[in-house]
Amino acid sequence: MMNDTILQVKDLVVDFNTYAGKVQAIRNISFDLKKGETLAIVGESGSGKSVTTKTLMGLNAENARIAEDSQLIFKGNDLSKLDAKGWQKIRGNEIAMVFQDPMTSLDPTMKIGQQIAEPILKHQNVSKAEAMEQALKLMVGVGIPEPKEHINDYPHQWSGGMRQRAVIAIALAANPDILIADEPTTALDVTIQAQILRMMKDQQAKYHSSIIFITHDLGVVAGIADRVAVMYAGKIVEYGTVDEIYFNPQHPYTWGLLDSMPTTDTKQGSLEAIPGTPPDLLYPPKGDAFANRNQFALAIDHEQQPPFFKVSDSHYAATWLLDERAPKVTPPAPILQRWQHWHDMQAQGV
Amino acid sequence: MTTDKTSKLVEIKNLDLTFNQGRSNAVHALENISFDIYEGEVFGLVGESGSGKTTLGRTILKLYQASGGQILFDGQDVTKLKGRALSDFRKDSQMIFQDPHASLNSRMKVEDIIAEGIDIHHLAKSKADRDAQVLHLLDLVGLNKDHASRYPHEFSGGQRQRIGIARALAVDPKFIIADEPISALDVSVQAQVVNLMKDLQKKHSLTYLFIAHDLSMVKYISDRIGVMHWGKLLEIGPADAVYNHPLHPYTKSLLSAIPVPDPEAERQRQAITYNPSRESDGQERSMVEVGDGHFVLATPVEAEEYRKDQK
């Protein structure tokens, strides 16, 4: 069961027409999602991770255009060709979404219980009483204490963590095949974040749903993901299993991301920042988009986009450093430590 | 990093703050807080939202009037400052804000934003001197002279935060409170800004109060750390001591919740839950020194337990 592919994204290209010109937000990405797995998409703002998820929900702004030959195969159907009516059957039912900010993603004028029951009423043929009964069960599932007493509360009466639980309950209400979580814990405190992540994992195990988890926090990813895709400037630059990305990273951008995040063991003065800022996607660079910020960039990086090089059956990275003609470079020391750990893990046959 | 323990820049003694005092909706935001900030150190303040860390920062800068207690800055009680002395204090202490989009006036040019403090405190002898100071500040924070005549919307989040830092430095302060200065920035840019703040601190011998909820970043930049919860300071100590040997159960729970970029560690992670009921049991607690410079809020009995715990 685990290897059933539920979603296949092929050659996705999304542009936005703006006054300034055409912003190339997604510049040809492909990935697949298996049943029951959690895929994390990591990247900074402007990398295209949120546009990817909005495309999967049919929620892009009106000036967005999906290229003709892009395909989003979900259970045998191509979502990119759906009209508004078609999307209504999918959205909130088969693919549901949890947004970043629980303060703005709930309706302030509607009781929380009703908001949770809404997708059930919309997509299932049940009475209002049955829907409320299910809403109550969902509230228990996501860990809302004394749900009976609080089912008629309004969002403003709840804390951020509790509201995010309600948002997740709404997303789970129709028992979706795919749950898209766009930075669901970024607005929350660490202790609440830990609770929410644990709850999401429990619910995933119960419903066998697949999760696409969008975040910029590599700590959160390490805890929740089975596989990771790293995005930069509208492209996926590296993807692999969570262990492969953390212990055997190959792309210099992945190195930079791992290095620029301190852990509680990081000594003062040893934090490596990635210099510069991401490119303007109105005028994406000719070669590797990361080349200008990359201390390991080769001459060809400025000329030609690197293809994906295979590291293992599940691990690919788009960097010319993996080409056999490329010179051998030594990554920063913390990355070497991670490689060493990977080497040890392989030796032990983990 | 060595700190000169003899010179205290800020001394906070039994600080209390109640909003809406005497009314039914009174909120006891800060409760009996005492700690010192030494000259040249980075004091990190951590806690969850609503713990009072921002309120504490603002009260120290006299943006809120304390309800009780003392805040001594260079020996002077901030809560009683008026007129000229207050104006001098405003020059010596500055703030860097969380949201670089909201904290810069979008109708002002960058040079005027940066020079506003210089103008108010009459720190420039002439227009040429003012321009020269602005250019120097832009250069310090890694921007260039072309940026001076632009407006904030033309900059990225990281660049705006640099402008905010330049503005704070413009009046040559001794003390800077940075309230979540990097939480609105991208990961790759966060490290740039933190490293910049660290460099400037050394160059200008600044003292920072660094407020954040990102515990790893606070640990990275701070010499000493204070942990806040529900308006109280629960634990203070050297950064390494607090992180490696946390004493208070709340600190333990907070640290156990930090996600780390290591899948193996994450798989083995044990979250510790904190039961806050002990905080409202009505018992008298005070700050007790348990380790070297490592204080925890405790009753005498609890203090004994913590001491044993540490060994």
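Student: How closely do the axes of helix α3 and helix α6 of chain A come, and at what angle do they cross?

Tutor: Two packed helices are described by the angle between their axes and the distance between the axes. Here, in a predicted model, the axes of helix α3 (residues 112-123) of chain A and helix α6 (residues 160-172) of chain A come within 7 Å and cross at roughly 25°. Axes are lines fitted to C-alpha atoms, for helices over the stretch in contact, with angles running from 0 to 180 degrees between N-to-C directions; helices (H or I, at least four residues) and strands (E, at least two) are DSSP runs, numbered from the N terminus.

Student: What should I keep in mind about the model and its numbering?

Tutor: Because this is a predicted model, local features need pLDDT of at least 70 and side-chain atom pairs count only at pLDDT 80 or more, while totals for chains, interfaces and linings use all residues. Residues are numbered from 1 along each chain as its sequence is written, and chains are lettered from A and ligands numbered from 1 in the order in which they are written.

Student: Which orientation class does the pair α3(A) and α6(A) fall into, and which hand does the crossing have?

Tutor: Angles under 35 degrees count as roughly parallel, over 145 as roughly antiparallel, 65 to 115 as roughly perpendicular and the rest as oblique; α3(A) and α6(A) are therefore roughly parallel to each other. A crossing is left-handed if the near helix is turned anticlockwise from the far one by less than a right angle, and right-handed if clockwise, and α3(A) passes α6(A) in a right-handed crossing. The contact is made by A:I112, A:Q115, A:I116 and A:P119 of α3(A) and by A:A166, A:A169 and A:I170 of α6(A), where residues are in contact if their C-beta atoms, placed from the backbone, lie within 7 Å. By class this contact of α3(A) with α6(A) has six nonpolar, one polar and no charged residues, with Ala, Val, Leu, Ile, Met, Phe, Trp, Tyr, Cys and Pro counted as nonpolar, Asp, Glu, Lys and Arg as charged, and the others, Gly among them, as polar.

Student: How are α5(B) and α6(B) oriented to each other?

Tutor: The axes of helix α5 (residues 157-169) of chain B and α6(B) come within 10 Å and cross at roughly 15°, and α5(B) and α6(B) are therefore roughly parallel to each other; their crossing is right-handed. On the α5(B) side the residues are B:G157, B:G158, B:Q161, B:R162, B:I165 and B:L169, which meet B:V189, B:Q192, B:V193, B:L196, B:M197 and B:L200 in α6(B). This contact of α5(B) with α6(B) has seven nonpolar, four polar and one charged residues.

Student: At what angle do helix α3 and helix α4 of chain B cross?

Tutor: The axes of helix α3 (residues 110-120) of chain B and helix α4 (residues 127-140) of chain B come within 10 Å and cross at roughly 115°, and α3(B) and α4(B) are therefore roughly perpendicular to each other. The passage of α3(B) by α4(B) is a right-handed crossing, with B:E111, B:I114, B:A115 and B:I118 of α3(B) in contact with B:R130, B:Q133, B:V134 and B:L137 of α4(B).

Student: How many residues of each chain take part where chain B touches chain A?

Tutor: An interface can be read by its residues and then by the elements that supply them. In this model 31 residues of chain B are in contact with 32 residues of chain A. On the side of chain B that touches chain A, α6 (187-203), α7 (215-221), α9 (249-256) and α10 (263-268) of chain B each supply at least two residues, and α6(B) gives the most, with six residues. The residues on that side of chain B divide into 16 nonpolar, nine polar and six charged.

Technical notes:
Contact = placed C-beta atoms within 7 Å.
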